[in-house]
Amino acid sequence: MKVPFSWLKEYVNITITPQELEEKLFSCGFEVEELIDLSAGISRVVVGEITHIEKQEGTEHLNLCRVDCGDYGHDLAITTGAPNIFVGACVPAALDGSTLPGGITIKKRMMRGVESNGMLCSGAELGIHDDWYPGAEVNGLLILDKTDPKVVPGADICGVVGLDDFIFDISITANRPDCQSILGIAREVAALLGEPVKMPATDYTCPGAPDAQIHVKVEAPDLCPRYLAHYVRNIRTAPSPRWMKKHLALAGLRSINNVVDITNHTLLEIGQPMHAFDLSTLAGRGICVRRAHNGEKITTLDEKEFTLTENNLVICDDEKPVALAGVMGGLNSEITPETSELLFECATFARDSIRKTSRALGQNSDSSARYEKGVDQYSTELGLARALHLIEELNCGDITTTAFDCSDGTPKTRKTVRLIPGQINAVLGITVPEAAMQDILTRLDFGVEIGADGIWTVSVPRYRDDVEDFPDLAEEIIREYGYDHIVPTFLKSAAVTTGGLNRPQKEQLKLKRLLAGQGFYESSTLAFYAMADLDALHLPADAPERQAIRILNPISEHLSVMRTLLAPSMLNVIVENLKKGNAAGRLFELSNIYRPHALPLTAQPDERLSLCLGVFGPGEDFFTMKGAMEAIAAGFDLQFRYQRAEVPYLHPGMTAAVFCDGKQVGVFGKLANEITSALKIAKDEKESQNIYLAELDYPALAECFAADYRYKPMSDFAPAKRDLALVCAEEVACGEIEATIRKASPLVVETKLFDIYRGENLGAGKKSMAFSLVLADPEKELPPDQVDRAITKILKDLQYKLNVTLR
Amino acid sequence: MQKIIEELSARVQADLAKVASSDTLAAFWQEYLSKNGKIPSLMKELRNVAAEERPAAGKIINSFKAQVAADYEAAAQRVKAAELAARNAAEAVDISLPAKTRPMGALHPITLVKNQIIDVFAGMGFSVYDGPEIEDDDHNFTRLNVPKNHPARDMQDTFYLTEELLLRTQTSNGQIRVMDSQRPPIKVLSPGRVFRSDSDATHSPMFHQMEGLVVDKGITLCDLQGMLDCLVQNLFGQDTRTRLRPSYFPFTEPSVEVDVSCFACGGKGCSLCKGTGWIEVLGGGVVNRKVLQNCNIDPDVYSGIAFGIGIERIAMLKYGINNMGLLFENDLRFLKQFQE
């Protein structure tokens, strides 16, 4: 909300500086986002009276003026090329060393051999236009009005043309739509300063003849709780007076004519949007406020045609829509210089209806922006009265007694809140003196009646729709009383509770720390991506991961589906790192994925944590990832089993499914070659890329976590160690041999591969694998012959089941 | 005998002087002190000594033997020390050579800040509730006193999945879910991802918040400030102060914006605090009575305070990160800079 300081002062006596006011507003909940000094950039520009003009020799159009600049010099020579100069004219004179808007600096200099002590300025050079100061747009110098007592040689120009002003750009919270106007802010400032509000005049007379034919009705009171209309005849459109033009100019609006300006002025001053219909264009001289019929069309005054639905509120004459309610008038009923009679509309529309229509049609205006924030019925009444007063004051028509007030029945009286002061103090935690409470509420225009029983009945100003209960009043009181009165306390009345992370939360944190210990960095990625990200992983059409929830209103297609798998996010992170020249790394993310129970979505989906690991770089291989899996298993006292698996996005020969307690908990492997080849990285880098991904279903994994760790007694008996060098066919997997060994003898407590050898002496298609075994019996010392028997059994089984022989 | 010993002694001294290593030391022992060494062998010479002189001669031999043994010990010490010194010298390394490290990873700065905040409040008895990210309108808005058509819905651009389901715009949904399942006294934090359809240099469509809620008897605005003082002192240093100023959130009344005194300049005014001496860090207030009522908690018996913190904002302030995008890029050069 932009509030000009000078305009604000018309309603409140303000004796403090704009900077002081900014601070006070801030502390009571109105943050001034910017305090704009209109004179900023203008310095040493003063009123100069031209006392003598002579043509400058040797030039076409330059004149050398002698200028009286008061204390700055009574006879300064200044050259000008402006055509509209005359002796006795008072003009803005930019002196030597002065500055003008746009960072322009004026210096004394030689102009065609003559010294010029500055520059005489036009309105444009001061950054103002005709509405701001009459004559500001003429071709030439700004000729100042000598009847103004401020126009004396040497006077600062900003004070003369009204640039000695400030604009407060105030951020208004959503609960205070009543402050979206100059008057609204004036009420707050008045309360802050303890000054009365000088209300704008709202009186008027009705000399015009009524018109009984005019009729107004509201068929959708839910969307239009209040609709006021007033008939004005004998319209006399003319330019607005200077004060009104100045008000509009301060707000950044240009003046059009008195009638249109009055509606704009009322919006700015009271916060009430208004519309004026050229009554002669309304079929049947009637107004009906209703929902549009589906398919109905309207062309708004910016010549855009819209097809409407029943969700759009329209203002119609007896035949057709003539305005999109609260958003914009129709082209056909627009006010023109020929308009002779008009019907003023001043309404309260449901904010949500206006917002939806405005959004749906992509059409907005100052009016719709205001309605979206919320307009109260008090302002609707006040706005119409103020506009009619201005019609009379500016003599732009004859007001009639033909007026309409369609209401949904909302009471036109103040609502009340009953409280005892102790309730306010109980919210705040301090004791605010009752006199201070009463004073603050009264200053804010609340009515306070204190009953004999000590109960306060507080009546709420009609423009304060936000105040409903005593906590709202507690806020009113503390924001005026001062938050610096709050004394920090430390939950002194609260019961003692136990706190901290619960077990699952601790486990998650432990997992993250464990992975960090393994050299992994935690990544944090967006919860949504594109279907194309799943396509890139070659997931088949029927893959469950493709059952993804779509966002109805995504920012872009790139961020349109809730992820069902973390792998695409991880792959994107890896690609981005490669692009930045980070050639290697280990990353993980423990985040939710979203699996719908059914699509389209009917209930909250299954949000489950997924653990994704990504490893890339020349030094990494499949077994780095397997090592990370083993670290997780070790950290949580689990036994993982691995099985060859097929995953669409992983290498068919380098993929494993991870099993724990007999259930699959995830997969890992190398990124499939064809996917690596398609990554958006430099071509010559693709072939060398070594990218490994893992994705584990965290809840499945967490189910396997032991409830509690128990001490396992150490064996008192020394274990026996044996090394076996075995020869087998190339296809035989290490895991198969280990499983066979363990199955062959329950005494085997540990098997560890320590060497693989391939050589001509073994024969083609053969390899030698060397294992070290640990055998033990928790109950007794193992006698050597029992160890030997176990080894014999192991070798026999290996030979029989896998055709593995001792080397 | 005396003569023999004198001769031998001269040889012993000469050989002892030559002892410079374990090997020569062992040879010396072998030569003179071992069972068949030259000194124990002197005892055999006693046969040739007159019987009456034998005790005296024996004494002389023993005394000689003891002397040589002591000399041997001294030599052994000397050799051992010399050899240790030589070995140490040979084993010495260039300590400026690069270290052998097992690569250490790290948690994301968002996680670090989140954990730090949880630590502060865990000590005050707060538990942690992880609410759903896909939420219904009821928990995200309606029961938080943001009914349909409420102006506050415009404050937050919401991602919708269906008419009723949406991506939570705030972690405040945790307030409702906790109060539905728990009776006062309640002290809970609700951290997590939140979503707004907003994306530019200073906004990410997903970011992280931490909600805090206390519901008990006699809880006031003063308690909110006291609790938050404790938080910001933990995050930004013991001298940090808070300042409350009025604001608006539908779920709290009164609502406050909480600023902290600038920890970069101590409140004097600098570029971080834009010359004001204060930095806006979070919002909060006294829980709206309607929110308590919506959760079947009697607002005439219990009162509550709540606050919400943007984790990214705290991380940026705490670590001096000037671009929020960095927190979501996962550039390893960035991630490597953070440790617990």
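## Chain B: fold and dimensions

Chain B contains twelve helices and nine strands. The model is predicted.

A compact globule of 340 residues would come near 20 Å, whereas chain B has 42 Å. The C-alpha trace spans about 130 × 45 × 45 Å along its principal axes.

Of the 340 residues in chain B, 54% are buried. Take the contacts between residues at least 6 apart in sequence: 65% of them join residues at least 24 apart.

The accessible surface of chain B is about 15300 Å². Carbon and sulfur atoms account for 52% of that surface. Chain B carries 37 positive and 42 negative charges, and their mean positions lie 9 Å apart.

## Aromatic pairs

Over all chains, the count is 20 aromatic pairs. One of them joins A:Y698 and A:F705 edge-to-face. Their ring centres are 6.2 Å apart, with 75 degrees between the planes. A:Y698 has 4% relative accessibility, so this residue counts as buried. A:F705 is buried as well, with a relative accessible area of 10%.

B:F28 and B:Y72 make a stacked pair, 6.3 Å centre to centre and 5 degrees between the planes. B:F28 sits in helix α2 (residues 22-33) of chain B and B:Y72 in helix α4 (residues 54-91), so the pair ties together parts 44 residues apart in sequence. Both B:F28 and B:Y72 are buried.

## An aromatic cluster in chain A

Which residues form one aromatic cluster? The members are A:F622, A:F623, A:F640, A:Y642 and A:F668.

Technical notes
Residues numbered from 1 in each chain as written. Chains lettered and ligands numbered in written order. Predicted model: local features only at pLDDT ≥ 70, side-chain atom pairs only at ≥ 80, totals over all residues. Heavy atoms only, no water. Helix = DSSP H or I, 4+ residues; strand = E, 2+ residues; numbered from the N terminus. Rg over C-alpha atoms; globule rule 2.2 N^0.38 Å. Buried < 20%, exposed > 50% of the residue type's maximum accessible area, 1.4 Å probe, protein only. Contact = heavy atoms within 4.5 Å. Areas by Shrake-Rupley, 256 points an atom, 1.4 Å probe, with all protein chains shown as cover. Lys, Arg positive; Asp, Glu negative; His and termini not counted. Charge placed at Lys NZ, Arg CZ, Asp CG, Glu CD. Phe/Tyr/Trp six-rings, centres within 6.5 Å; stacked < 30°, edge-to-face > 60°.
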